[in-house]
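Please open the model in your viewer and keep the sequence beside it, as this tour moves from one selection to the next.

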Amino acid sequence: MRILVVEDERKLATDLAKALAGAGHVVEEAGNGEHAWFLGDTEDYDLIILDLGLPKLDGVQVLKRWRANQRTMPVLVLTARDSWSEKVEAIDIGADDYLTKPFRMEELLARVRALLRRQTKHSSAMLEVGEILLDTRHSRVTKAGTPVDLSPLEYRLLHYLMHHAGRAVSQIELTEHVYSQDFERESNAIEVLIGRLRRKLGADAVKTRRGYGYYTGELDEGAP
Ligand code: CA
């Protein structure tokens with residue numbers, strides 16, 4: 001999943017990026033409110049972690065502008081201790097969850113998993129499609145109970161497809177959610193990754209819908 005971390009404390013931003021990347025996410029960062037507002041307004045993220053105390057434009061204003069512009073991605077707000085009024089305001093203007101600093105990284109990761117699940121129909125940390133089971137807590141994949149060794153990119157791609165099981169996802173969307181923006185890649189990179197996933201998981205683990213993209217499971221009724 002593609003996550004934006006908005007935090008001006010360098011150390012915390014780095015720790016957050018590291019922990020989220022370790023959990024299999026693509027992470028981008030913004031260190032001030034204006035940059036964050038621009039990225040959240042123009043890019044497509046699966047989730048945003050937003051510190052409220054930011055230079056240039058504070059987090060509450062950033063969130064207010066996103067929501068006023070119909071940007072509906074889940075937003076997890078980080079607040080300083082003893083700022084209950086800030087929390088209330090953030091929730092009122094559309095934050096989906098909050099964490100008070102300092103927090104344990106494990107708790108942040110658990111809340112991130114919960115928010116990502118809430119977007120779709122998933123109710124547990126395990127994604128299941130046929131014989132394939134993807135454990136989002138430990139970034140592990142098994143097929144019929146046997147562990148399958150995937151590279152970080154293969155895992156991200158499979159995670160995104162299983163998260164959206166039943167929907168054909170275009171190559172452009174997959175590229176956005178699997179690679180960091182500055183990552184050098186070949187134009188057929190997604191096809192190559194899909195080929196590797198099929199070799200490791202079975203030819204029909206990832207299916208092609210001509211003209212639309214790739215999907216796992218059965219296509220939803222009424223899907224294009
Ligand atoms: Ca701050």
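**The calcium site**

Begin with the calcium ion, whose donors follow the spacing D-x42-D-x1-G along the chain; donors here are N, O and S atoms within 2.8 Å of the metal (3.2 Å for Na, K and Ca), and because water is not among the atoms, sites may look incomplete. Select Asp8 (OD), Asp51 (OD) and Gly53 (O), which coordinate the calcium ion at 2.2 to 2.4 Å. Helices (H or I, at least four residues) and strands (E, at least two) are DSSP runs, numbered from the N terminus.

This is a predicted model, in which local features need pLDDT of at least 70 and side-chain atom pairs count only at pLDDT 80 or more, while totals for chains, interfaces and linings use all residues. Residues are numbered from 1 along each chain as its sequence is written, and side-chain values use heavy atoms, with hydrogens and water left out.

Are Asp8 and Asp51 buried or exposed? Asp8 counts as partly exposed at 33% relative accessibility, whereas Asp51 is buried at 4% (buried means under 20% relative accessible area, exposed over 50%, partly exposed in between, with a 1.4 Å probe and protein chains only).

**The parallel sheet**

Next, select the 5 strands that form an open sheet with parallel pairing, in the order S2-S1-S3-S4-S5; two strands pair if DSSP finds at least two bridges between them. At the edges, strand S2 (26–30) and strand S5 (97–100) each pair on one side only. Within this sheet, S1 and S3 pair in the parallel sense over 4 bridges, and Val5 stands opposite Ile49 in S3.

**The antiparallel sheet**

Move on to the open sheet that 4 strands form with antiparallel pairing, in the order S6-S7-S8-S9. Strand S6 (126–129) and strand S9 (146–148) stand at its edges with a single partner strand each, so one side of each is left without a neighbour in the sheet. Strand S7 (residues 132–135) and strand S8 (residues 140–143) run antiparallel and are joined by 4 bridges, with Ile132 opposite Lys143 in S8. Finish with helix H6 (residues 152–163), which packs on this sheet and touches S6, S7 and S8, where contact means heavy atoms within 4.5 Å.

Terms used: Axes fitted to C-alpha atoms, helices over the stretch in contact; angles between N-to-C directions.
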